Amino acid sequence: MDPRHTGDIFKHLEKQDELLMEAYRSMSHELHKLQVEEEMLMRKFYEIMSVHGKIKQIEGGSNVSDDTKGGDSTALVISTSNEEQTEK
């Protein structure tokens, strides 16, 4: 590498760093928006399922899919009765 071009190389690398940081910020922002949208959709799905009585109840009267502080899971448990299964 020629020492005369180190200044140009340094400027080029700084520009690349700025572009990569901008791409990172943009992707991070988009990921956050998608996570918020996913949470909204999961809450709406839960509302719909609970209205139709498809959310499985556990002992103590709470729903299986209640939000907990310990994890980020958004899974729902759907139960159907034997009558519903035979009708389908």
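Start by selecting Glu 30, which is partly exposed at 37% relative accessibility. This is a predicted model.

**Stop one: Glu 30 and its partner**

The side chains of Glu 30 and Lys 33 meet in a salt bridge, 3.5 Å from N to O. Both residues lie in helix 1. They sit 3 residues apart, about one turn of the helix. Lys 33 is partly exposed too, with a relative accessible area of 42%.

**Stop two: the helix itself**

Select residues 6-51 next; this is helix 1. How far apart are the end C-alpha atoms of helix 1? They are 67 Å apart. The helix has 46 residues, and at 1.5 Å a residue it should span 68 Å, so the two values agree.

**Stop three: back to Glu 22**

Go to Glu 22 and Arg 25. Their side chains form a salt bridge, with N and O 3.6 Å apart. Where do these two residues stand along the helix? They are 3 residues apart in helix 1, which means a separation of about one helical turn. Glu 22 has 46% relative accessibility and counts as partly exposed. Arg 25 is also partly exposed, and its relative accessible area is 46%.

**Stop four: on to Glu 39**

Select Glu 39 and Arg 43. Here is another salt bridge, with the closest N and O atoms 2.8 Å apart. Glu 39 and Arg 43 are 4 residues apart in helix 1, so about one helical turn separates them. Glu 39 is partly exposed, at a relative accessible area of 42%. Arg 43 is partly exposed as well, at 45% relative accessibility.

Why can such pairs form? Side chains of opposite charge can pair when their charged atoms come close.

How many salt bridges does a search of the whole structure find? It finds 4. Among them are Glu 22 with Arg 25, Glu 30 with Lys 33, and Glu 39 with Arg 43.

**Stop five: just past the helix**

Move to Gly 53. This residue comes just after helix 1.

**Last stop: the whole chain**

Zoom out and show everything. The chain has 2 helices and 0 strands. Of its 88 residues, 8% count as buried. The accessible surface of the chain comes to about 8,100 Å². Carbon and sulfur atoms account for 56% of that area.

Finish with the contacts. Take those between residues at least 6 apart in sequence: 36% of them join residues at least 24 apart.

How values were computed: Residues numbered from 1 in each chain as written. Predicted model: local features only at pLDDT ≥ 70, side-chain atom pairs only at ≥ 80, totals over all residues. Heavy atoms only, no water. Buried < 20%, exposed > 50% of the residue type's maximum accessible area, 1.4 Å probe, protein only. Contact = heavy atoms within 4.5 Å. Areas by Shrake-Rupley, 256 points an atom, 1.4 Å probe, with all protein chains shown as cover. Expected span 1.5 Å × (residues − 1).
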